[in-house]
Amino acid sequence: MMSTTPANPQRPPLKNDRYLRALSKQPVDATPVWMMRQAGRYLPEYKATRAEAGDFMSLCKNAELACEVTLQPLRRFELDAAILFSDILTIPDAMGLGLYFETGEGPRFRNPITCRADVEKIGIPDPEGELQYVMNAVRTIRRELKGEVPLIGFSGSPWTLATYMVEGGTSKAFTKIKKMAFADPQALHLLLDKLADSVISYLNAQIAAGAQSVMIFDTWGGVLSPRDYQEFSLQYMAKIVDGLTREADGRRVPVTLFTKNGGQWLESIADTGCDAVGLDWTTNLDEARARIGDRVALQGNMDPSMLYASPERIREEVATILQRYGNGSGHVFNLGHGIHLDVPPENAGVFVKAVHELSRQYHQE
Ligand code: 1CP
């Protein structure tokens, strides 16, 4: 049937929809590929724009510059998706925790959560209020993409956000948040519930502003025991999946859940009702596909450190991963975690090209 919807000049039809098709397991001509952290410090042009902005948060808060750095990797490589340039810590910042970046030390909070009273005080940020700068970036990027490739919106998982909020920054042992989990679980549940509600309204606002797919990063879910993962992380991601808008512009808005080190829980992650599960490199794609069958699509899963290798070795690894997934749609190629900041950009180019060239044989009919 012909569409009767008038064309929206802000939202032209997609020229390359491989990424969205693969997430819905519709046939594709080649496996789509993008890279976690594809905009970032491994690109000299990113460093230049960041210097122009001053610091990282000023870059996130300037829609034109955030759009510029989102598009930079797409000018170099034939990526099949763009990802919003922002950070997962925008929500805790909007909750009043005072995010700042210590040079070379990663994110920090001026006012971390230390007790139940702190949790009780925080509210749900308004996505078109304190977080409007993120929605402005989404609107600008969607317009400037001109329908070339889809735009991915994202958020952190409640558990992963809570680790930064309670630890006060990045952590190795997660003792403060685990102390809260085991000594005052009600306080942590209250925090996770507020975060889940915040993520739902934040991602739905990103979708309304133009994000065509969303991804939830659960970077630290893998530090929990199986039971605690279910209780403190997965339960809240399932609540988010339930609360998300799943269609926009007459098309499905696919949701990808990524738990780093979550390979042992693939079945339960798939059971949340998400469209795709992101994998790091510690699970083989053939085994993952055998375990979850055709229930969801899979995203991943090359070790990002492979991008230090020779072009031949990178191509060989891409070939192995494609072969493990096998024939048919349902695979979005990616790194198993973010690209490292000292990777030569040419090697990322070899990787992206190899995925397109070597995958066509798996999409013959
Ligand atoms: O320029 C700089 O010095 C800042 C480095 C940087 C960048 C480029 C940070 C600080 N955040 C980002 C952008 C970012 N972060 C994006 C968009 C860019 C893209 O993908 O192209 C995304 C999706 C994120 C998500 C993010 N931030 C995650 C989840 C994904 C993951 O890598 O596990 C996490 C855990 C963060 C927290 C964060 N923000 C910044 C850093 C260095 C970190 C990680 C700190 C840590 O290891 O604990």
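1. UniProt positions are given in the numbering used here, and annotations may be inferred rather than shown by experiment. The model itself is predicted. In the unreviewed UniProt entry, "binding site" covers Arg-37, Gln-38, Ala-39, Gly-40, Arg-41, Asp-87, Tyr-164, Thr-219 and His-337.

2. Take Gln-38 from that annotation. Gln-38 sits in the loop between helix H1 (18–23) and helix H2 (44–53). Gln-38 counts as buried because it has 28 C-beta neighbours inside 10 Å, and 20 or more are needed. Beyond residues up to four places away in sequence, Gln-38 touches Pro-73, Leu-79, Ile-83 and Ile-339.

3. Thr-219 is also in the annotation. Its loop runs between strand S5 (213–218) and helix H11 (226–243). With 22 C-beta neighbours inside 10 Å, Thr-219 is buried too. Leaving aside neighbours within four places in sequence, Thr-219 contacts Thr-160 and Lys-260.

4. Now the ligand. There are 20 residues around it, and Ala-39, Gly-40, Thr-170, Phe-217 and Thr-219 come nearest. By class, the shell holds 10 nonpolar, 6 polar and 4 charged residues.

5. Helix H14 covers residues 311–325. At 1.5 Å a residue, its 15 residues should span 21 Å; the end C-alpha atoms are 21 Å apart, so the two agree. Gly-326 follows H14, with a positive phi near 90°.

6. Which residues of H14 are buried? They are Ile-314, Val-318, Ile-321, Leu-322 and Tyr-325. An α-helix has 3.6 residues a turn, so residues three or four places apart point the same way. The buried residues of H14 pack against helix H13 (285–292), strand S10 (297–302), strand S11 (331–335) and helix H15 (345–359).

How values were computed. Residues numbered from 1 in each chain as written. Predicted model: local features only at pLDDT ≥ 70, side-chain atom pairs only at ≥ 80, totals over all residues. Helix = DSSP H or I, 4+ residues; strand = E, 2+ residues; numbered from the N terminus. Buried ≥ 20, exposed ≤ 12 C-beta atoms within 10 Å, placed from the backbone. Contact = placed C-beta atoms within 7 Å. Near = placed C-beta within 6 Å. Nonpolar A, V, L, I, M, F, W, Y, C, P; charged D, E, K, R; others polar. Expected span 1.5 Å × (residues − 1).
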